[in-house]
Amino acid sequence: QVQLVESGGGLVQPGGSLRLSCVVSGTIFNVYGISWYRQAPGKQREFVAVISSAGTTNYATAVKGRFSISRDNAKNTVYLQMNSLKPEDTGVYSCFVPALMCWGQGTQVTVSE
């Protein structure tokens with residue numbers, strides 16, 4: 001059974017940084033592209049970033065230049081480094097494997113004074 005487990009969320013002040021992790025188990029990790037999505041209160045879930053099996057990355061316009069996605073195939077883990085955080089980055093961040101239609105449970109990120 002495929003499982004995705006996120007961690008690293010928390011409360012941070014505007015301008016601060018966080019690094020989220022997504023550990024994937026139950027499948028061959030390095031063959032899949034993996035995405036990060038987020039959902040703010042009262043809003044629809046939105047795409048944040050994706051990394052392909054080959055390491056190619058793509059970002060939503062709102063986070064480009066501030067967030068960085070990476071993967072460590074030896075650890076079955078995808079990371080989302082988030083810098084220069086803004087209050088509008090607040091939400092539940094979830095990782096997703098599109099090829100398997102599998103979601104993690106999410107981790108809360110709150111950016112506030």
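How many positive and negative side chains does the protein have, and how far apart do the centres of the two sets lie? There are 9 positive and 6 negative side chains, and the centres of these sets are 5 Å apart. The legends below describe a predicted model.

**Figure 1. Overall fold of the predicted model, an arrangement of 11 strands and zero helices.** From one end of the sequence to the other, the pattern reads β-β-β-β-β-β-β-β-β-β-β. The radius of gyration is 13 Å, close to the 13 Å that the globule rule gives for 113 residues, so the protein is as compact as a globular protein of that length. The C-alpha trace spans about 40 × 25 × 20 Å along its principal axes. Of the contacts between residues at least 6 apart in sequence, 53% join residues at least 24 apart.

**Figure 2. Surface and interior of the protein.** The accessible surface amounts to about 5,900 Å². Carbon and sulfur atoms account for 49% of that surface. Buried residues make up 40% of the 113 residues.

**Figure 3. Edge-to-face pair of Tyr37 and Phe96.** Four aromatic pairs are found when the whole structure is searched. In the pair shown here, the ring centres of Tyr37 and Phe96 are 5.9 Å apart and the ring planes stand at 85°, so the pair is edge-to-face. The pair links distant parts of the chain, with Tyr37 in strand S4 (residues 34-39) and Phe96 in strand S9, 59 residues apart. Phe96 is buried, with a relative accessible area of 8%. Tyr37 has a relative accessibility of 21% and counts as partly exposed, because buried means under 20%.

**Figure 4. Edge-to-face pair of Tyr37 and Trp103.** Tyr37 also forms an aromatic pair with Trp103, at 5.2 Å centre to centre and with 70° between the planes. Tyr37 lies in strand S4 and Trp103 in strand S10, so this pair ties together parts that are 66 residues apart in sequence. Trp103 is partly exposed, and its relative accessible area is 29%.

**Figure 5. Aromatic cluster that includes Tyr37.** Tyr37, Phe47, Phe96 and Trp103 form one aromatic cluster. Within this view, Phe96 is buried at 8% relative accessible area, whereas Trp103 is partly exposed at 29%. Tyr37 is likewise partly exposed, at 21%.

**Figure 6. Loop between strands S8 and S9, with Ser84.** The loop that holds Ser84 runs between strand S8 (77-82) and strand S9 (91-97). Phi of Ser84 is near 50°, a positive value in a residue other than glycine. Is Ser84 buried or partly exposed? Ser84 has a relative accessible area of 41% and is partly exposed, because that class lies between the buried limit of 20% and the exposed limit of 50%.

**Figure 7. Loop between strands S9 and S10, with Met101.** Met101 lies in the loop between S9 and strand S10 (102-103). The phi of Met101 is positive, about 50°, although Met101 is not a glycine. With a relative accessible area of 62%, Met101 is exposed, because exposed means over 50%.

Definitions and conventions. Residues numbered from 1 in each chain as written. Predicted model: local features only at pLDDT ≥ 70, side-chain atom pairs only at ≥ 80, totals over all residues. Heavy atoms only, no water. Helix = DSSP H or I, 4+ residues; strand = E, 2+ residues; numbered from the N terminus. Buried < 20%, exposed > 50% of the residue type's maximum accessible area, 1.4 Å probe, protein only. Rg over C-alpha atoms; globule rule 2.2 N^0.38 Å. Contact = heavy atoms within 4.5 Å. Areas by Shrake-Rupley, 256 points an atom, 1.4 Å probe, with all protein chains shown as cover. Lys, Arg positive; Asp, Glu negative; His and termini not counted. Charge placed at Lys NZ, Arg CZ, Asp CG, Glu CD. Phe/Tyr/Trp six-rings, centres within 6.5 Å; stacked < 30°, edge-to-face > 60°.
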